[in-house]
Amino acid sequence: MEILKKLAQFAETDRTAIVYGGQTLSYRELNDRSDAFAAYLKQAAPDSKAPVLIYGHKELEIPACMFGSLKAGRGYVPVDVTYPSERVTQIAVEAKPCVIVDLTDTLELPHLAPSQLQKILTQPCAPASEDGWLKPDGTAYILFTSGSTGTPKGVQITAGNLAAFHAGVRPFFDGMQPGGAFLNEISYSFDVSVCALYEALGRGMTLWTADRTALENPKLLFEILEQANLTDWVSTPSLAELCVQSDRFCGALMPRLRQLLFCGEVLTKKLAQALTERFPGVPIVNAYGPTETTVLVTGAQMTKEMLQADAPLPIGYAFSNCEARICGADGNALAPGEAGELCLLGATVSPGYLGRPDLNARAFFEDGGRRGYRTGDLCRMEDGLIYYLGRLDNQIKLNGFRVELEDVENNLAKVSNIARAAVLAEMQDGKAVALTAYVMLEKPDGEGSLQRARRIKKELSALVPSYMVPRRIIAVDSFPLNTNGKIDKKQLRALRAT
């Protein structure tokens, strides 16, 4: 694997690989510790190719265990500490790991405790033989995502998928260079972290880690940004929405910034315009990709024309090694400009969900020797440029009308003084009876909640039909974010219940 060769190459320097809190890990230490963990796995489970489950947050030991697993010819399953123990047990039952690393030492499952892991990682050993590294068709990692049945489903990504992702994303990441600094704020259980682990580290950059404490405290986060002097930013739009509330978030804070890349959520025009003003001359890239197609498969730099057009910002063009199709309910491709389900084909498409042939039959397909994935995302395409319109399964029926919740959210973002919005359906006896909107203001308005709601509804009524205007509008100082950096609608539901 290319990343393992790069680690060995950069290990010959004294370059810093990762900064976490007050600790640092050099490329030499990262390479040596991954060799040591590979040696341990070969001794502890010599006849197994089962993955390693790694339970933790963003500790320095995690990347060493990940790369050590790959050097031992097996994959890994990263599970963040925000996952409750019952869910971790479910994942362990599905993944059947050969070893469980628990950096919290709290799991009731048999595991390696932090003290045991430290002894393993610091044990001197010979470099892991390249012959034993993970092969292209081997599973590199398994990420567990929410399942409609309540049981998590594991997305398998192979070394070959990662190689295809690296080739496809190259036009956006080739500017990343040794000596650069990359913000490492995404949980390892979320696929966007692959950009840090495989792309940034594969280019000799330094990962500056912002953990949950920093992400919940803007003062701490800005201290990290100031120390890091970032060259590359990759995040969900929600994190940037929080940052732009402070005047400190501007070019003076990150004078070396080369690019701002967003993915995982809708990038609004208001945010893009605010960032253009804060970071003049810094390209803003909007990208997209489901976990099932290995992180990112589309992207484009946002232009002045895109920001001024009367349409949502596009999610970009398909990468050169990926085909994007807009398909109708019958699976056939639609004419340009028509809205339908986005289907993706190419070498980045996952082999499928672990142990779920039922789900695989619905979500994946073969076409002309290529593997394809039905995203469930409603999109349209014009001249190769793809526009995201919402989730096909995020559509509700309200008083007989079909309503896309993201359609309402996108139009709320056009209302004056609204930076971002999230819309939930009010359910009664299993049926949607009304909409509730949560809005984050660009600046304090001095209005009472009733006065504000009336003003917002009036403006929104000029943009959407009356049945799409939420019954309740609640202003929030900020949106709760989940471990993936996205708006946590479950927490919003809990807020509504109170």
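This is a predicted model: local features need pLDDT of at least 70, side-chain atom pairs count only at pLDDT 80 or more; totals for chains, interfaces and linings use all residues.
Just after helix 4, Lys96 takes a positive phi of about 50°.

Visitor: Which residues of helix 4 are buried?

Guide: Helices (H or I, at least four residues) and strands (E, at least two) are DSSP runs, numbered from the N terminus. Buried means under 20% relative accessible area, exposed over 50%, and partly exposed in between (1.4 Å probe, protein chains only). In helix 4, residues 85-95, the buried ones are Arg87, Val88, Ile91, Ala92 and Ala95.

Visitor: Why do the buried residues line one face of the helix?

Guide: An α-helix has 3.6 residues a turn, so residues three or four places apart point the same way. Down the axis of helix 4, the buried residues fall within an arc of 145° (taken from the directions from the helix axis to the C-beta atoms), so they line one face. Glu86 and Val93 are exposed on the face turned away from that buried side.

Visitor: What covers the buried residues of helix 4?

Guide: The cover includes strand 3 (52-56), strand 4 (76-80) and strand 6. Strand 6, residues 139-145, has 5 of its 7 residues buried, so the rest of the structure largely encloses it.

How values were computed: Residues are numbered from 1 along each chain as its sequence is written. Side-chain values use heavy atoms; hydrogens and water are left out. Contact means heavy atoms within 4.5 Å.
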